[in-house]
Amino acid sequence: MTDEDDLDDAFRTANRLRMSAFLSGCDEAEFRAVQDYCGLSPSNLSKNVAALEELGYLSVRKGHVGKTPRTWLSLTDRGRKALAGHLAALRHIADTAARHA
C-alpha cells in the first residue's frame, strides 16, 4: 500500500474504522460491548455490521447466555487483512505529509 488509492472504502467512515479497530484486538466481542465502545445506537451499529458482513470482513454469531439472546461480532481473516492494508495506507499518507511539513 503506497497511496490514497490503497484506502479501503469500507473503512472510510469513522464508525466502521472504530468498530474494526476494536474487533482487531480480540477474537470476538459481544454486540453490546462494540456498541458501547463506539457510542452507536443498536440500529446504527447493525447497519454498519451488515455492510462489513456483506464484504466478508465481519462474522456474526448468534447464541444465548442462559435464556438471553446474544450476538457476537468478529473480524474475519479477510477483514483483518483489509484493515491492516487500510492502516498501512493511512500511515503512508501521514509519513509523506510529515516529510513535506
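Let's start at one residue, Gln35. Setting aside neighbours within four places in sequence, Gln35 is in contact with Leu40, Ser41, Pro42 and Leu45. Keep in mind that this is a predicted model.

Where does Gln35 sit? Its place is in helix α2. Is Gln35 buried or exposed? Its relative accessibility is 11%, and buried means under 20%, so Gln35 counts as buried.

Now step back to the whole protein. We have 4 helices and 3 strands. Read from the N terminus, the order of elements is α-β-α-α-β-β-α. There are 101 residues, and buried ones make up 31% of them. Along the principal axes, the C-alpha atoms fill a box of roughly 60 × 25 × 20 Å. Next, contacts along the sequence. Take those with a separation of 6 or more: 54% of them join residues 24 or more positions apart.

Back to α2, and on to its partner α3. The axes of α2 and α3 are 10 Å apart, and the two helices pack at an angle of about 105°. Angles of 65 to 115 degrees count as roughly perpendicular, and therefore α2 and α3 are roughly perpendicular to each other. Which residues meet there? From α2, we have Phe31, Val34 and Gln35. From α3, we have Pro42, Leu45 and Ser46. Sorted by class, this contact of α2 with α3 has 4 nonpolar residues, 2 polar ones and no charged ones. Gln35, our opening residue, is part of this contact.

α3 has another helix partner, α1. Helix α1 covers residues 14-24, and helix α3 covers residues 42-54. They pack at about 75°, and their axes are 10 Å apart. That makes α1 roughly perpendicular to α3. On the α1 side, the residues are Asn15, Arg16, Met19 and Ser20. On the α3 side, they are Asn44, Leu45, Asn48, Val49, Ala51 and Leu52. The classes in this contact of α1 with α3 are 5 nonpolar, 4 polar and 1 charged. Notice Leu45. It takes part in the contact with α1, and it also meets α2.

β1 pairs with β3, residues 68-75, in the antiparallel sense, over 2 bridges. Within β3, Trp72 stands opposite Glu30.

How do the helices sit on the strands? Take α1 to begin with. Then α3.

Last stop, the buried residues of α1. Which ones are they? They are Met19, Ser20 and Leu23. Why do they fall on the same side of α1? Because they cover an arc of only 95° around the axis. What do they pack against? The list is β1, α2, α3, β2, β3 and α4. In that list, α2 is residues 31-38 and α4 is residues 77-99.

To recap, α3 is roughly perpendicular to α2. α1, in turn, is roughly perpendicular to α3. Thanks, that's the tour.

Note on methods
Residues are numbered from 1 along each chain as its sequence is written. This is a predicted model: local features need pLDDT of at least 70, side-chain atom pairs count only at pLDDT 80 or more; totals for chains, interfaces and linings use all residues. Side-chain values use heavy atoms; hydrogens and water are left out. Axes are lines fitted to C-alpha atoms, for helices over the stretch in contact, and angles run from 0 to 180 degrees between N-to-C directions. Angles under 35 degrees count as roughly parallel, over 145 as roughly antiparallel, 65 to 115 as roughly perpendicular and the rest as oblique. Contact means heavy atoms within 4.5 Å. Ala, Val, Leu, Ile, Met, Phe, Trp, Tyr, Cys and Pro count as nonpolar, Asp, Glu, Lys and Arg as charged, and the others, Gly among them, as polar. Two strands pair if DSSP finds at least two bridges between them. Buried means under 20% relative accessible area, exposed over 50%, partly exposed in between (1.4 Å probe, protein chains only). The arc is that of the directions from the helix axis to the C-beta atoms.
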